[in-house]
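Me: I've got a model open and want to talk through a few of its details. Can you take my questions one at a time?

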Amino acid sequence: MLDIDPYDRSVAFQKIEAGISGILARHCVPVTLGGDHSLTYPVVRSLAAYHGPRTFAILHLDAHSDTFPATGGYDYHHGAVFRKIVEDGLVAPEDMHQLGLRGLVPSGGMDFASTHGYHLVSAGDVRATGCRLDALEIDSGKPYYVSIDIDAVDPAFAPGTGTPVPGGLTSAELLDLIQQITCLPLVGLDLVEVAPIYDPAGITVLLAAHVIMEILIASPFVTAEDAQLT
């Protein structure tokens, strides 16, 4: 567990990036638990330095695209992480797959993702396919980094998060997707935005634990030595 300063994001990012780089140097694959979604940025930055930029795709499950512009003059907040990953050249925009999107979006909030060619799939569209990844163009020929915001799930099944949005996936639908994700080669994984303070019955934490367990047990994780990504 990293000792992260909650009041200095730049220092926190440096510690996360250094910690992930240390894991990669031991030829291991990082699995990161958070925390707000901004932690994905330093993790992906470390992975891009290790494997090479644009050598892997991202599969992102979330109610929100997190491609919004700067807030209060700050670019790297949790609502902009998947914008900065593309702007900084870490992952190609066509390799960004975002599933579970829904809810009200501020004017222009999705413009960056849509104009740069992200694969954007609403929660309703995921459900309409029967939650089948093969119907959602999840096949880029590259390994994947998987980033799961627990608010991809409907708050009826995962209330313990800071930005709940009705109309999300059920816990069964998420686990169905996870079982398919375990067929993909993965360079890393994170699960974020679990807030136990809003989860008095513990159902959000229980779901998050099952998601991580399913992926750890069954996924074919890869390192640069396995896949020769660079």
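Me: Which loop holds E193?
Reply: This is a predicted model, where local features need pLDDT of at least 70, side-chain atom pairs count only at pLDDT 80 or more, and totals for chains, interfaces and linings use all residues. Residues are numbered from 1 along each chain as its sequence is written, and side-chain values use heavy atoms, leaving out hydrogens and water. Helices (H or I, at least four residues) and strands (E, at least two) are DSSP runs numbered from the N terminus. On that numbering, E193 sits in the loop between β6 and α7.

Me: Is E193 buried or exposed?
Reply: Buried means under 20% relative accessible area, exposed over 50%, and partly exposed in between (1.4 Å probe, protein chains only). E193 has 13% relative accessibility, so it counts as buried.

Me: And what's the phi of E193?
Reply: Most residues other than glycine have a negative phi. E193 isn't a glycine, yet its phi is positive, near 70°.

Me: H27 has a positive phi too; is H27 buried, exposed or partly exposed?
Reply: H27 isn't a glycine either, and its phi is about 60°. You'll find H27 in the loop between α1 and β1 (31-33). Its relative accessibility is 47%, so H27 counts as partly exposed.

Me: How do α1 and α2 cross, at what angle?
Reply: Axes here are lines fitted to C-alpha atoms, for helices over the stretch in contact, with angles from 0 to 180 degrees between N-to-C directions. The axes of α1 (residues 9-25) and α2 (residues 40-51) come within 8 Å, and they cross at roughly 40°. Under 35 degrees counts as roughly parallel, over 145 as roughly antiparallel, 65 to 115 as roughly perpendicular and the rest as oblique. That crossing therefore makes α1 oblique to α2, and the angle is roughly 40°.

Me: Which residues of α2 does α1 meet?
Reply: Contact means heavy atoms within 4.5 Å. From α1, the residues involved are F13, I16, E17, I20, S21 and L24. Their partners in α2 are Y41, P42, V43, R45, S46, L47 and Y50.
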